[in-house]
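Hello,

Here is the structure I promised to pass on. Please open it first; my notes follow below.

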Amino acid sequence: MKALTLIRWFATHLKGGVALLRGQFTPEAHRSLIFWHSLTNGYFTDWLSYTQKRSIQDFPSESLSTMFSDESSNERSKIVHDIRVNGYHVLRERIDAKLCDAMISVIARTPATVRGRDADISKPKNIRYCFENPPQGVIYDCSFADLMQAEIFQSLASEPLFLSVAADYLGTIPKLDPSGAWWTVASKDRDDSLAQDYHFDMDTIRWLKVFVYLSDVDPQHGPHCFMEGTHRSGTIPFALRGKGYSRLTDEEVFTHLPRRNEIKFHGAKGTVIFEDTRGLHKGQPVLEGSRLMLQLQFSNVLFKQSEQQVLMNKHKPSREDIVPVSSNFKQVLQQYPEIFRRYLPLPSEVLH
Ligand SMILES: O=C(O)CCC(=O)C(=O)O
Ligand SMILES: [Fe+2]
């Protein structure tokens with residue numbers, strides 16, 4: 001009987017693996033992706049992402065304007081090289097403080113979902129709460145679908161430096177996957193769902209995250225941490241990856257991987273970190289005050305999501321929150337609608 005269950009389970013993953021190779025990105029296939037990823041120490045995932053490579057030229061268009069200096073824009077190949085080798089790159093240039101403040105002001109007025117240490121446990125956790133009057137929690141998440149209503153976030157998501165680095169790293173047109181901003185507040189409690197223990201992400205086949213600190217981050221304010229090099233195949237020992245898609249304590253990680261490979265990102269407001277979060281990473285708990293983090297995820301393929309997962313256009317920030325900045329959004333949307341497919345229910349004449 002046990003053997004039969006095992007055979008069935010393996011057959012399910014075999015079917016899932018074939019579906020993935022055929023380009024069927026269903027939730028069932030996603031479960032098999034995690035299985036094959038762990039079993040092959042990442043090599044299956046590498047193969048799959050290879051099958052998704054497309055030749056892209058002159059992407060994105062030269063005529064788009066950037067919020068960064070020429071120096072940063074010219075660093076593109078070095079950034080991609082660093083991500084390939086180490087799994088991350090911290091941009092030398094920070095995002096301008098005025099732009100950060102404009103983002104913060106939109107985020108502060110956007111309803112947030114509370115996670116962890118919820119004071120009112122009779123309420124389901126996935127309700128949106130208004131940040132002005134929050135229940136006790138550890139993390140307050142704002143969905144990018146909401147933030148994208150503001151021009152500043154449209155500009156950020158269509159920033160040519162981000163798009164070009166992502167396209168180069170992914171080997172195809174990047175697609176904006178679940179992204180958002182969140183406050184983490186000081187808390188003694190820990191919760192499995194909070195990403196405060198080491199883990200790897202695996203929402204799709206290959207992706208690149210762009211993290212932006214919107215508050216100063218020092219050791220007291222929950223630095224983001226990454227185990228250098230663990231985004232590459234063959235680097236995570238079976239004792240860790242055999243646990244599948246779960247959280248790992250520092251003790252577990254440092255029993256199997258050298259502690260000196262741990263990178264703690266301290267940085268002022270506006271710091272940009274490119275990271276392949278296929279590698280082991282976590283957000284250290286905040287010890288005092290709060291940390292505001294923004295994250296964009298650019299993926300090579302979009303897995304199908306349930307209706308519930310797609311929180312779309314639920315809230316419109318008021319116009320006074322919107323600081324006019326030159327936006328590339330319309331141009332990118334017109335040329336490459338697939339980048340924002342997850343977010344905008346575009347009319348079919350735009351898509352085809
Ligand atoms: O809060 C952090 O620094 C970690 C976030 C994280 O795990 C993620 O965005 O995938
Ligand atoms: Fe993560």
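In what order do the strands of the open sheet of three strands run? The order is β8-β7-β10, and the pairing is antiparallel. Strands are DSSP runs of E with at least two residues, helices are runs of H or I with at least four, and both are numbered from the N terminus. Two strands count as paired if DSSP finds at least two bridges between them. β8 (262-265) and β10 are the edge strands, each pairing on one side only. From one strand to the next, the twist averages 20°. Axes for this are lines fitted to C-alpha atoms, for helices over the stretch in contact, with angles from 0 to 180 degrees between N-to-C directions. Strand β7 (residues 224-227) is joined to β8 by four bridges. One pairing to look at: F226 has I263 in β8 as its bridge partner.

Some housekeeping. This is a predicted model: local features need pLDDT of at least 70, side-chain atom pairs count only at pLDDT 80 or more, and totals for chains, interfaces and linings use all residues. Residues are numbered from 1 along each chain as its sequence is written, while chains are lettered from A and ligands numbered from 1 in the order in which they are written.

Confidence and overall make-up

pLDDT is the predictor's confidence in each residue, from 0 to 100. The protein chain has a mean pLDDT of 86, and 84% of its residues reach 70 or more. Residues 118-122 stay under 50, with seven contacts beyond four places in sequence in the model. Residues 346-352 are also below 50. That stretch has four contacts beyond near neighbours in sequence. A contact means two C-beta atoms, placed from the backbone, within 7 Å.

The protein chain holds 13 helices and eleven strands. Of its 352 residues, 40% count as buried. Buried means 20 or more other C-beta atoms within 10 Å of the residue's own, exposed means 12 or fewer, and partly exposed is in between; C-beta atoms are again placed from the backbone. Take the contacts between residues at least 6 apart in sequence: 82% of them join residues at least 24 apart.

The ligand shell

Which residues surround ligand 1? They are A195, D201, H224, T277, H281, K282, G283, M293 and Q295. A residue is near a molecule if its C-beta atom, placed from the backbone, lies within 6 Å of it. β10 (281-283) and β11 (290-299) are the elements that give two or more residues to this shell. The largest share, three residues, comes from β10. By class there are two nonpolar, five polar and two charged residues. Here Ala, Val, Leu, Ile, Met, Phe, Trp, Tyr, Cys and Pro are nonpolar, Asp, Glu, Lys and Arg are charged, and the others, Gly among them, are polar.

An enclosed helix

Helix α9 (residues 160-170) is largely enclosed by the rest of the structure, because ten of its eleven residues are buried. Among the buried ones are F162, V165 and Y169. Their cover includes α4, α5 (76-86), β6 (207-213), β9 (272-275) and β11. G171 follows α9 and has a positive phi, near 75°.

F274 lies in strand β9. F274 counts as buried because it has 23 C-beta neighbours inside 10 Å. Beyond four places in sequence, its contacts include I79, I83, V165 and L208. F274 and I83 are 191 residues apart along the chain, yet their C-alpha atoms are separated by 7.3 Å.

Backbone points to check

Most residues other than glycine have a negative phi, and most peptide bonds are trans. A cis peptide bond joins F59 and P60, with omega about -20°. P60 lies in the loop between α3 (43-51) and α4 (70-73). D58 is in the loop between α3 and α4. Its phi is positive, about 50°. D58 is exposed, with 6 other C-beta atoms within 10 Å. N41 has a phi near 55° and sits in the loop between α2 (27-39) and α3. N41 counts as partly exposed, with 17 C-beta neighbours inside 10 Å.

Best wishes
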